[in-house]
Amino acid sequence: MVRALVLALFFGLAACSGGNTPTTLQPQETGSPEQPASGEGKAQITFFGVNPGSGSLQPFVGEIPAFSSPEKGILIMLDSYFAMKFPEHLVSPFPRGLRPRAVYFPSKGMCVLDLEFPEAEPPGMGSEEESTMVYAIVNGVSLNFSEARSVKILINGREASPFLTHLDASAFFKPRK
Amino acid sequence: MLALLLAFTIIIDQAPVPATAFPQGGTTLIELQPIVRELGATFGQFELTQGWRIEIEGHTLVFGTDSQFVVVDGELKSLSTAPVIQGEKCFLPLDFYDGILCPLIGAQCRSGTQTLIISRRTASDLVITGVQLHYLTGFTKLVIMLEQEATYSVETENDTVRIAFRRPLYFQNPLPEIKDPLVRSIVPGRQEIIVQLLNAGSNVSSYTLQSPFRIVLDISRAPSRAVSSTTPARQTPPLSPSPPSRFTVVLDPGHGGKDTGARNGEGLTEKDLTLRAALKVRRILADQYGYDVVMTRQDDIDIDLDERTAKANEVRAHAFISIHANSARTSSAHGAEVYYLTLDTVDRQLQVLAEDENLSPTRTDDIQFILWDLAQSATIRGSASLADLTARSIADATGLPERGVKQAPFRVLMGATMPAILIELGFLTNPKDVEMLQSEEYLTLQAQAVADAVHQFQIQTGDRWFVH
């Protein structure tokens with residue numbers, strides 16, 4: 001819960017709820033999502049959806065089943081994230097059919113996500129839509145799992161894909177507000 | 001069997017190695033021991049199984065004399081024919097050396113009917129990191145990527161192009177499979193690359209690109225005259241290339257070909273819209289302001305993102321403008337936006353490694369990297385200025401609220417050595433924007449606004465951002 005609150009603060013939820021606007025909030029590394037106490041079987045995760053009014057990403061808290069390693073946790077989180085029903089006031093940033101294939105850490109702090117998009121035809125995104133999708137993933141993974149300081153996204157095992165036609169697909173992305 | 005022994009030449013790291021060979025079943029079997037000994041491997045036989053074991057550079061290879069398989073680090077690889085033992089000598093087929101052993105130790109292996117040449121990378125080698133072949137409309141672009149800048153010459157005679165270097169070459173990756181209407185083959189040599197053309201007398205021109213250093217050959221069919229020509233040898237680019245005589249703008253209509261970009265579900269595609277808009281901007285820049293304008297594409301064709309800025313670098317443009325149309329997950333987002341490059345939101349492997357391993361960036365590669373970053377910083381200031389002028393100009397012309405200038409790590413803007421921006425004309429997911437973008441008058445209004453901003457930029461900066 002502590003981590004979810006820190007993330008919410010980072011993304012300005014506190015400002016929305018009234019009071020003074022925080023000025024220099026930074027994400028804090030508080031470790032992977034709090035593992036449940038024995039028997040609970042759930043971990044809290046902060047997800048991001050698109051605010052239809054502003055178009056910006058907005059965080060919300062959800063739960064995923066408990067996991068044994070960051071790799072497994074990220075896989076479980078993304079499985080849930082891509083297929084979930086978003087809260088009524090938010091829109092999913094992901095095209096239908098997107099699934100996680102693999103997660104690995106080639107170097108300390110650097111996480112590679114290999115995602116699968118089964119349709120032959122790419123979804124045809126503009127840069128805003130592409131950025132929203134990428135940063136919903138990057139923020140979700142990086143801010144929930146401190147082991148993933150930066151995140152690279154492969155689609156169907158490849159860097160250059162028709163999925164990512166604007167942003168630099170070779171980059172390791174850091175979370176963005 | 002001895003009567004069949006071949007006169008076979010084996011050269012390892014430029015030194016001849018005495019070894020014997022003989023033909024069998026369409027391949028050549030070559031004596032193993034002298035080769036692995038020269039390569040610094042240990043070699044032995046299992047007493048019980050009579051199998052053989054090679055330990056080389058941390059890898060283990062195991063094989064038997066009655067099997068067409070070799071176990072490489074626990075993985076099974078097949079051979080064209082089983083190894084043969086003659087007395088104390090062990091013979092393995094040629095494909096073991098060029099297909100298994102050399103790739104395993106990162107050595108280059110070239111073989112002919114009577115030769116086997118194995119070369120390991122040395123400090124003086126010039127590293128070719130890759131060779132790419134692209135067939136574009138009417139011509140072929142051959143790109144040779146190098147780890148560092150190099151002196152080279154290009155000579156064309158009949159159907160052969162010889163790219164010669166002063167230092168031995170080391171090919172880090174396999175050469176591409178050739179399926180090209182103008183190029184028959186690419187043959188790597190020790191200090192040269194030979195390109196065999198399908199048509200004698202094709203036109204061949206070469207130039208270089210930086211960051212990373214690339215030698216580019218444009219190959220096109222010659223007009224119907226079959227003459228042999230020798231193009232003068234070209235060296236690395238001059239240190240201070242003269243800037244173009246007139247203010248030059250490269251316009252890049254986003255996407256193209258199979259890459260449609262954003263779509264609105266009613267047939268409107270980003271690639272078509274960006275081309276229409278870019279052609280309008282070109283006309284205004286050329287006719288009204290008298291600038292030189294180069295388009296990255298004028299038709300519905302696929303172009304690599306890297307090639308787009310490479311084109312701008314090649315013509316030493318003063319500004320690079322990539323034109324796009326946007327889409328969002330919701331229909332409420334609308335209006336034009338202007339972007340320029342930021343690298344803040346991405347991690348560079350070097351930075352991460354430096355943090356993790358406490359490394360100091362002192363290697364030549366790292367210094368090159370830092371210099372590249374500094375150059376990027378300089379052009380980013382120019383980009384910010386051009387982006388600001390463009391955003392204001394579009395807002396003034398259209399009367400729409402200014403969505404502001406933004407920064408993003410757009411691939412198409414990376415590598416540009418001049419101010420470079422990306423314009424999003426509007427959202428294909430917003431009905432009002434679509435209605436406006438489909439109108440010729442509105443698109444002309446936006447094109448005029450972009451051209452006016454470029455002109456303002458030229459007045460304000462002149463050649464100040466020309467950093468080539």
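Strand β23(B) is covered on both faces. On one side sit T248(B), V250(B) and D252(B), on the other V249(B), L251(B) and P253(B), and every one of these is buried. Put another way, the strand spans residues 248-253 of chain B, and six of its six residues are buried. Keep in mind that this is a predicted model.

**Who pairs with β23(B)**

- Strand β24 of chain B, residues 292-295, runs parallel to β23(B), and four bridges join the two.
- Within that pairing, V250(B) has V294(B) of β24(B) as its bridge partner.
- Strand β25 of chain B, residues 319-326, also pairs with β23(B) in the parallel sense, this time over five bridges.
- Here D252(B) is the residue that stands opposite S322(B) of β25(B).

**Meanwhile, over in chain A**

- Chain A has four helices and six strands.
- Read from the N terminus, its elements go α-α-β-β-α-β-β-α-β-β.
- The chain counts 177 residues, and 50% of them are buried.
- Take the contacts in chain A between residues at least 6 apart in sequence: 62% of them join residues at least 24 apart.
- As for its accessible surface, chain A shows about 7900 Å², with 52% of that belonging to carbon and sulfur atoms.

Note on methods: Residues numbered from 1 in each chain as written. Chains lettered and ligands numbered in written order. Predicted model: local features only at pLDDT ≥ 70, side-chain atom pairs only at ≥ 80, totals over all residues. Heavy atoms only, no water. Buried < 20%, exposed > 50% of the residue type's maximum accessible area, 1.4 Å probe, protein only. Contact = heavy atoms within 4.5 Å. Areas by Shrake-Rupley, 256 points an atom, 1.4 Å probe, with all protein chains shown as cover. Pairing = 2+ DSSP bridges.
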